[in-house]
Amino acid sequence: MLLGEQDQFLSYNGEVLVFQLSNPKHAEEADNKTMNLCVRRMAFNRDTKLFVQKSSGAFSMGASHSKIEMVCCSCTTDSRTGLILPCILMKKQKRNSIKYFLLLLHSSNQFEPSFYFKLDYELKEDIRLFAGPSLLWRHANKLFYISSNTCVVQSAPVHLSCVVWTGEIVGEGTVVLGIRTACLPETKDPDGFSVSDRAIWGSEFFGYAIQSQKFLSGTCFMPHAYSRVVSSAYICRNERLRKQLRISLVAITHKNQLIWFQNGAPKGVCELPYEKPCSVKPAVTSSSDLLFAVSFASGNSCVVQRRDSLQVASKWQKVKCVLVDDFIGSGSEQLLLLFKDDSNTDVLSTFKITDLGEVNYASGINYKHDVPAAEGLQENGLLTVRALETRLQAGWTSVRELQQHLGLQKRVILESCRALIDLVEERTHILPNSNKEGLVSLWDDVENPPDSLSKETSSASEVPEHFTEELWQRVVGDSLVVGVKLTESFYLSLSDVSLSLVMDQDFSSISPIIKCQSKIIQLNKAFSALAVSSSQIEPPPKKMKLDLHSKNDLRKDFPKRSSRIQLDGAKTVTAVTSLPPLLAFHRVCCVVLLHARKQNHQNDDLQQSKKITVLCGKILLSLEDISSGRYSIKMLRDNSYCTGSMEDILAVLAVSVKFSFQIVSCDCTLTPVSSWLLGEMECTPFKECQDNIFCHKAGNVHGTIFNWALKNPFEGALTIFCRNLTVLFQCLHSLTRALPPGCSVKLLRSGSKAVLNEQLALALEKEMLTLKNSLFLKETKAGNSLTWGTESGKKINNAPLASLLDTEEGVQQFRKKLQKEREESVQSLNQTLNGALYQKTALKIAEAQLSSDMIVWRLA
């Protein structure tokens with residue numbers, strides 16, 4: 001396939017699309033003359049290090065007495081489905097009329113005409129394709145645009161001399177950044193520098209939002225002083241912080257410079273090696289470096305690297321085209337440079353793929369037979385990077401060991417302080433076990449006799465373990481939230497953990513116990529998800545089949561099973577209570593108690609456990625603290641993140657109710673959900689857990705937490721943590737207006753089906769064990785309380801069966817024994833229990849069945 005002068009190249013999902021117009025066989029033909037627009041999908045083969053064709057397609061057009069050309073191509077968003085598709089602008093010129101039409105290319109290589117329009121002039125200046133698909137251009141210093149929704153050419157009420165950039169901005173839609181003659185206001189502008197710049201230079205930057213037809217201040221992009229020299233720009237990042245637009249962009253100038261702007265101020269400049277730069281494209285490489293590929297009118301290109309400063313990293317000459325995409329499938333972007341080669345006219349014959357790092361592929365190299373010096377250098381560089389990564393990991397290991405050592409020193413110092421306090425207050429201080437911390441005692445160890453050793457062991461077992469790490473309190477609306485962070489060594493059953501608040505003052509007229517609701521909140525160490533539960537965070541581990549000959553081995557394995565729970569992440573127990581009753585006392589002090597169920601590992605029966613109560617500390621609350629906002633939550637925005645502390649997040653989750661919804665769209669992708677969360681709901685992610693976002697919108701919905709997870713482009717799960725049902729209905733009402741038609745929103749009663757199935761299996765297992773234990777208890781208790789007859793205690797004669805059957809008396813004796821066994825068997829089936837034992841057994845069975853029935857209802 002030979003390349004022509006009008007061929008267009010476009011990168012799409014790691015592939016290179018080559019668009020070509022096929023010429024007719026005979027130029028003199030006038031009737032039934034057709035022109036074909038052909039496309040070839042080329043993919044890079046990492047084995048052969050060459051581009052190979054994956055598929056192709058063609059679109060036929062009537063070209064009788066007309067000239068057809070390709071104007072430009074780009075990847076734009078189809079507003080009907082939300083998918084990004086290749087779009088080609090075609091021109092068909094016939095006599096004095098010029099017809100333009102847009103084509104969309106689908107994954108099946110089928111071309112779809114989007115819209116067409118006619119003009120009496122030719123498009124030449126600032127032609128841009130954007131979402132819709134839509135098209136805008138500049139003609140006679142006026143801005144015109146047309147979209148697939150209206151199919152009518154519209155004119156913007158602006159006069160401009162240049163279009164610098166076109167793209168999407170958060171909260172504004174499609175925005176055109178241009179340069180126009182300065183429009184000085186009659187009244188004094190509060191931005192004095194902006195007025196002076198416009199007056200001196202006579203031109204200014206401005207932004208125009210096409211959908212809302214609103215003007216944006218150009219000073220948030222770059223100062224007006226650069227309006228005389230900037231020719232093109234690219235906005236790398238845009239966001240809204242406290243309703244102010246924050247822009248990061250890079251621009252190229254007629255002075256052969258590349259300038260980096262941050263929030264309207266220049267932050268760096270780099271001199272370009274060639275003259276007349278015309279375009280700039282960004283690329284993010286595997287090492288998270290930001291590269292800018294600059295193309296020049298002379299056919300040259302260069303790459304500017306942005307690290308500590310802007311600097312030219314590499315440059316090339318005779319470049320036909322520069323594309324940016326993930327061509328080798330590594331998960332990061334690379335640069336594809338197509339060079340001009342008169343000797344070889346094949347498609348993608350002379351190219352280079354590079355990210356200025358580990359990736360470096362070039363055409364014309366025989367990778368199979370010989371290894372060039374560049375390839376050897378690349379391999380050596382890769383080995384060097386791996387060695388540096390190993391050293392870095394070793395350094396991190398040393399840092400973690402140092403942190404553990406410092407933590408051990410801190411615990412030893414705190415234990416010494418406790419011992420000193422106990423000594424002053426004349427209390428007996430019990431030293432912790434030094435082996436637990438990996439320490440060696442400074443005193444000479446004396447072997448104790450067995451009696452004294454057993455006494456010391458029993459006394460040490462009575463020492464309460466420390467399960468709490470931190471105690472905090474927050475005020476959220478009319479609720480007081482008290483939280484206790486559990487240590488990583490906490491291995492107790494989470495289903496039996498709760499908090500109690502007891503007033504320290506002596507009030508004779510009221511009960512000192514404060515009514516509160518306990519909730520367990522678990523954050524995994526990667527902060528990638530939140531799990532909130534009012535009863536049980538995770539199902540208990542599957543019970544192992546007990547072997548009578550392996551009970552000692554089971555004791556050894558059990559600590560390993562219990563220590564596995566601490567790897568799941570930090571757990572916090574919260575208690576929520578009403579705040580106004582407490583404020584009636586003006587100043588109140590409460591004792592915080594932690595209740596849990598501790599399993600007995602020393603006994604062979606692992607089912608045995610005992611309830612324990614741990615004193616976590618005291619909290620003090622007063623009207624002065626509430627008025628000063630000492631315990632109020634603080635959720636602020638900082639660089640597109642929510643800066644709430646972990647305690648603030650936990651407090652909001654404790655007073656919130658969790659609702660999960662499954663959203664399915666059959667016709668369109670669910671991209672509007674993210675736009676709805678970040679735009680209309682004004683949400684920002686938490687720094688600690690970026691999967692969860694906080695709503696800053698004023699009104700009742702403020703303080704709502706969302707979690708949006710896409711299963712695929714057409715299905716996702718939205719979790720809402722809100723204060724009440726009114727807020728939930730407001731959020732759903734706003735969401736339904738943002739969703740495309742045909743979407744279904746289904747309420748998930750409790751988590752995913754996989755988790756519920758696992759919980760159901762555990763509940764049924766517990767129900768079965770309860771029935772088994774009840775029958776076993778029935779047999780043992782009843783066997784001790786019932787009488788089986790006057791001769792039940794006598795032993796049966798063990799005479800051989802043959803000797804009994806030899807005589808008639810023996811046969812009669814055998815019949816009596818058989819009849820007696822039958823009567824005892826029937827009597828054992830009709831045994832009875834006392835009322836208390838039966839009531840206790842029935843209650844256990846009912847509780848187990850109720851738990852399994854509740855999970856079945858959730859699955860229904």
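In which sense do strand β5 (residues 67-77) and strand β6 (residues 84-94) pair, and over how many bridges? The two strands run antiparallel and are joined over ten bridges, where pairing requires that DSSP finds at least two bridges between two strands, and where helices (H or I, at least four residues) and strands (E, at least two) are DSSP runs numbered from the N terminus.

The model is predicted, so that local features need pLDDT of at least 70 and side-chain atom pairs count only at pLDDT 80 or more, whereas totals for chains, interfaces and linings use all residues. Residues are numbered from 1 along each chain as its sequence is written, and side-chain values use heavy atoms, with hydrogens and water left out.

In the hairpin of β6 and β7, which has two residues between the strands, R95 has a positive phi near 55 degrees.

**An open sheet**

Strands β25, β26, β27 and β28 form an open sheet in that order, with antiparallel pairing. Because β25 (319-325) and β28 (360-362) stand at the edges with a single partner strand each, one side of each is left without a neighbour in the sheet. The twist from one strand to the next averages 15 degrees, with axes taken as lines fitted to C-alpha atoms (for helices over the stretch in contact) and angles running from 0 to 180 degrees between N-to-C directions. Strand β26 (residues 334-339) pairs with strand β27 (residues 351-354) in the antiparallel sense over four bridges, and the bridge partner of L338 in β27 is F351.

H696 lies in the loop between β42 (692-695) and β43 (705-712), while S734 belongs to helix α9 (residues 725-738). Buried means under 20% relative accessible area, exposed over 50%, and partly exposed in between (1.4 Å probe, protein chains only).

| Residue | Relative accessible area |
|---|---|
| H696 | 12%, buried |
| S734 | 5%, buried |

Contact means heavy atoms within 4.5 Å. Leaving aside neighbours within four places in sequence, H696 is in contact with M635, L636, R637, C642, M681, E682, T684 and H702. With the corresponding neighbours within four places in sequence left aside, S734 is in contact with W676, E680 and M681.
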